[in-house]
Amino acid sequence: MKKKLFIVALGLVMATSMVACGNKEEETSTQASTEVGASLQQEIVKFVGTDLPSIAADRDKAVELYNAYFAAGADQNSEQWMTTLSNEALPKYDNYIKSLKGLPFVHAEIGELKDLYTASAELQRGAIQDVVDAIKNVDNNLLESAQKKVDQSQKKLDEYNKKLKTLCDENNISLEGLEEKDADGKDSKDGKTGSTGEAAKGSTEAKTEAATTAATTAATTAATAATEAAQ
């Protein structure tokens with residue numbers, strides 16, 4: 001009998017939960033350049049409000065391709081999914097990490113933020129690779145490795161958010177004061193006015209929870225069906 005591999009939902013939507021922050025006195029500082037004369041306050045706001053969103057498209061697409069397996073339900077072909085992850089998701093994640101590492105900074109504090117965010121991203125990338133290898137080798141141990149990397153990635157992201165909040169508090173920056181920006185630098189309001197960073201963050205958390213619930217349900221259904229078929 002062919003060995004069954006039960007794919008489980010991983011929390012790969014977590015990296016989209018970036019905390020937005022803005023200058024209480026001057027929101028236009030998000031456009032500040034990373035020149036030597038830029039203040040730490042300006043560089044924090046630019047890094048979070050402009051730099052990170054500007055490179056997020058590749059990461060978001062990679063996560064979308066990963067989560068598509070669970071959205072498709074129990075009938076999804078895992079071999080086909082493995083090919084999609086190998087040929088599309090992983091290259092996009094590699095491009096994202098390369099762009100992330102290439103973001104310029106002047107102040108050491110921004111370098112520390114970037115290092116934490118990069119570490120989180122690299123662990124997520126490693127988790128996707130583990131899933132690909134698990135399917136290829138029919139190895140459930142690699143799925144456990146993937147989940148551990150996701151957990152470690154979340155810890156790095158938590159460290160990032162904690163450090164960011166501390167820096168914002170120390171530099172008179174409001175976590176609620178900046179509207180999240182799209183990759184083209186426009187306000188992400190979805191046609192509505194008065195959308196603050198806190199509101200956008202709340203929306204992201206709601207979508208994350210819904211996606212995770214749906215993915216977990218789909219994975220459970222798939223595992224149940226596979227078990228019944230094996231019996």
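**Figure 1. What covers helix α5.** Let's start at the buried side of helix α5: the cover over its buried residues includes α1 (40–54), α4 and β2 (173–174). This is a predicted model, so please read each view with that in mind. The residues of α5 that are buried are Leu143, Ala146, Val150, Ser153, Leu157, Tyr160, Asn161, Leu164, Leu167 and Cys168. Helix α5 covers residues 140–170, and at 1.5 Å a residue its 31 residues should span 45 Å.

**Figure 2. The protein as a whole.** Here we step back for a moment to find our bearings. The secondary structure amounts to six helices and two strands. Reading from the N terminus, the order of the elements is β-α-α-α-α-α-β-α. The protein has 231 residues, and buried residues make up 42% of them. Now take the contacts between residues at least 6 apart in sequence: 74% of these join residues at least 24 apart.

Figure 3. Ser153 belongs to helix α5. Is this residue buried or exposed? With a relative accessibility of 0%, Ser153 counts as buried, because buried means under 20%. Another residue to look for in this view is Thr118, which is 35 residues from Ser153 in sequence. In space, the C-alpha atoms of Ser153 and Thr118 are 9.6 Å apart.

**Figure 4. Helices α4 and α5 side by side.** This view shows α5 together with α4, one of the elements that cover its buried residues. The two helices pack at an angle of about 165 degrees, and their axes are 8 Å apart. Angles over 145 degrees count as roughly antiparallel, and α4 and α5 are therefore roughly antiparallel to each other. Their crossing is left-handed. In the contact of α4 with α5, the residues divide into 16 nonpolar, seven polar and eight charged.

**Figure 5. Helices α3 and α4.** We stay with α4 (residues 108–137) and turn to helix α3 (residues 78–101). At what angle do these two helices pack? The angle is about 165 degrees, with the axes 10 Å apart. That angle makes α3 roughly antiparallel to α4. As α3 passes α4, the crossing is left-handed. The residues of this contact comprise 14 nonpolar, five polar and seven charged.

**Figure 6. Helices α1 and α4.** One more partner of α4 comes into view here. The axes of α1 and α4 come within 10 Å and cross at roughly 25 degrees. That makes α1 roughly parallel to α4, because angles under 35 degrees count as roughly parallel. The crossing of α1 and α4 is right-handed. Which residues meet here? On the α1 side they are Leu40, Glu43, Ile44, Phe47 and Leu52, and on the α4 side Glu109, Ile110, Leu113, Lys114 and Tyr117. By kind, the residues of this contact are seven nonpolar, no polar and three charged.

**Figure 7. Ile173 in strand β2.** Strand β2 is among the elements that cover the buried residues of α5, and Ile173 lies in this strand. Ile173 has a relative accessible area of 3% and is therefore buried. Along the chain, Ile173 and Gln42 are 131 residues apart. Their C-alpha atoms, however, are separated by 9.4 Å.

**Figure 8. Two loop residues with positive phi.** Val138 sits in the loop between α4 and α5. Its phi is near 50 degrees, a positive value in a residue other than glycine. Val138 has a relative accessible area of 26% and is partly exposed. Asn172 is in the loop between α5 and β2. Asn172 is not a glycine, yet its phi is positive, at about 60 degrees. At 30% relative accessibility, Asn172 counts as partly exposed.

**Figure 9. Helix α2.** We finish with helix α2, residues 56–71. How many residues does α2 have, and what should they span? At 1.5 Å a residue, its 16 residues should span 22 Å, and its end C-alpha atoms are 22 Å apart, which agrees. The buried residues of α2 are Ala56, Arg59, Ala62, Val63, Leu65, Tyr66, Asn67, Tyr69 and Phe70.

Terms used:
Residues are numbered from 1 along each chain as its sequence is written. This is a predicted model: local features need pLDDT of at least 70, side-chain atom pairs count only at pLDDT 80 or more; totals for chains, interfaces and linings use all residues. Side-chain values use heavy atoms; hydrogens and water are left out. Axes are lines fitted to C-alpha atoms, for helices over the stretch in contact, and angles run from 0 to 180 degrees between N-to-C directions. Helices (H or I, at least four residues) and strands (E, at least two) are DSSP runs, numbered from the N terminus. Angles under 35 degrees count as roughly parallel, over 145 as roughly antiparallel, 65 to 115 as roughly perpendicular and the rest as oblique. A crossing is left-handed if the near helix is turned anticlockwise from the far one by less than a right angle, and right-handed if clockwise. Ala, Val, Leu, Ile, Met, Phe, Trp, Tyr, Cys and Pro count as nonpolar, Asp, Glu, Lys and Arg as charged, and the others, Gly among them, as polar. The expected span of a helix is 1.5 Å times one less than its number of residues. Buried means under 20% relative accessible area, exposed over 50%, partly exposed in between (1.4 Å probe, protein chains only). Contact means heavy atoms within 4.5 Å.
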